[in-house]
Structure formats: structure tokens, C-alpha cells
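Please look at the model shown here alongside its sequence.

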Amino acid sequence: MKTYKHLFFDLDHTLWDYTRNARESLGELFMDFALAEKGIASFELFFEAFEAVNYQLWENFNQGKLDKISLRKVRFQRIFAHVGADPLGIPVELEQEFVIRTSSKPHVFPGAFEILPYLKEKYGLHIITNGFSESQSLKIEASGLAPFFDLVVTADSTGYQKPDKRIFEYALKSLNTHPSECLMIGDNPASDLLGANRVGMDAIFFNPGNAQSSHPYLYAIKQLGELQAIL
Ligand SMILES: [Mg+2]
């Protein structure tokens, strides 16, 4: 095992529980905007459509096929289309409310607040995220993660998104360090693991859902607490 100096965490679906937080805020929005009266039969259908549409939009964003403005512009149009509701019924504030409310939710994965103080004693802790600066800083504050992290690198502050190695190089340069001294921990093989591989950094696959990865990694973990035995 190498002696690492810095650990880079992904944020969404790795530390911050995106699905739980989004589900909670969408539940509120479903009621507050009376979406049942706009042709969406149930919250469960709405949430299923959100998951399918949002996953695909983020895949496209990560692959550089879609920019941030377009993602936010089409998200609820596609969700409404997915459930067969008239997109003309979309409240104009829905997207902005979704971003603010979701990003203000606090839920992190179990074990986060046990493992982070332990790791913080031994390593520099940082975040590399493909999310957008304003939402990511809200999430980090609202969840209580902020005190653990020194550097937060986002796709829109650098102009590059994982797996582009330039977002990793930006972080390495900011910390005046080398890939051999760093480790990436993330849930997304195509952005976190591939990106780390490209820049020559070891990676740990956070994989609570037993997904497959065609990209190499050092260890896979299902719980954040497993990091204590490795690091
Ligand atoms: Mg992630």
C-alpha cells in the first residue's frame, strides 16, 4: 500500500446521498406545485421519471454532450414528457426550486461522520465533483461536510469534467502534489475510476449497489466505514 497524502472524494452518490435528498425535495415540490393537477398521476411515477431522465442527462453531461444550461432547461420538460403530462404545465420556478431545495438537504451516506474525522487526521481531504459550483457549495454546507474538506473542485470552476484528466490535474497543481500521492474515491466508474486511471491515480470504487465496472480500481467498498481498514 502506498503512502497517500491526499484523498479526493466524489460528492453526489458517494458522500452526499443524492437519491434520498432529491426524493425528499421532489416530494415537497409535488405537493407545493400541485403536480397531480398538472397530469402527473402519482409521486412514485414522478420520481421514477425523474430518476430515468436525470440519470441520462447526467451521463450526457459527463460525456461532454450536454452543457449545464441545457441540462437544467430540459430536465423537467423531459420528465413531464416521460409521464405523458403536458410540458406547458411546468411551473416556471420548478427547476430553480428543485436545485435550491435539493442542494439544501443534509443527508449523507451512513458512516460519513465517523470515517471523515479519522481520515482527516491522516490525509488532506478534498472533493472533485462534476456538479455545479453553487449547488455543490450549498450541499457541502447544509450537510455539515464543509469542515472536513480543504479543496473543492467543480466542473464549472475548471471548465472540465471527470473523466477529463484536466480536472484532476487542476486539483493536483492546486495542492502541489502528484498522482502517486493521491487516491480518488467515487461511485461512478465512467467518471471517477476512468478519470483517476487516466491521470495515474489509484481509485476506490464506492459501490453500495453492486454495479459493474470495466475500469480498474484498487478496492471496492459498500460502506464508507470500510475505508478505515484500507486507509
Ligand atoms: Mg458520484
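The largest nonpolar core has 51 residues, and those with the most contacts inside it are F8, L183, I185, M201 and A203; a nonpolar core is here a set of buried Ala, Val, Leu, Ile, Met, Phe, Trp, Tyr and Cys residues joined through C-beta atoms within 7 Å. At least three residues of this core come from each of domain 1 (6-17 + 108-230) and domain 2 (18-103), with domain bounds taken from an automatic or database domain assignment. A residue is called buried if 20 or more other C-beta atoms lie within 10 Å of its own, exposed if 12 or fewer do, and partly exposed in between, the C-beta atoms being placed from the backbone. The model is a predicted one, in which local features need pLDDT of at least 70 and side-chain atom pairs count only at pLDDT 80 or more, whereas totals for chains, interfaces and linings use all residues. Residues are numbered from 1 along each chain as its sequence is written.

Over the whole chain, the secondary structure comes to 10 helices and six strands, where helices (H or I, at least four residues) and strands (E, at least two) are DSSP runs numbered from the N terminus. The radius of gyration of the chain, taken over C-alpha atoms, is 18 Å, close to the 17 Å that the globule rule gives for 231 residues, so the chain is as compact as a globular protein of that length; the rule is 2.2 Å times the number of residues to the power 0.38. Along its principal axes the C-alpha trace spans about 60 × 35 × 30 Å, and buried residues make up 36% of the 231 residues. Among contacts between residues at least 6 apart in sequence, 63% join residues at least 24 apart.

The C-alpha centres of domain 1 and domain 2 lie 26 Å apart, and 15 residues of domain 1 are in contact with nine residues of domain 2. On the side of domain 1 that touches domain 2, the elements giving two or more residues are α6 (133-142) and α9 (189-199), and the largest share, four residues, comes from α6.

Some backbone details remain. A cis peptide bond, with omega of about 15°, joins K162 and P163, and P163 has its place in the loop between α7 (155-158) and α8 (165-174). H13, in the loop between β1 (6-9) and α1 (18-32), has a positive phi of about 70° although it is not a glycine, and H13 counts as partly exposed because it has 18 C-beta neighbours inside 10 Å. N176, which is not a glycine either, has a positive phi of about 55°; N176 is placed in the loop between α8 and β4 (182-186) and is exposed, with 6 other C-beta atoms within 10 Å.

How values were computed. Two residues are in contact if their C-beta atoms, placed from the backbone, lie within 7 Å.
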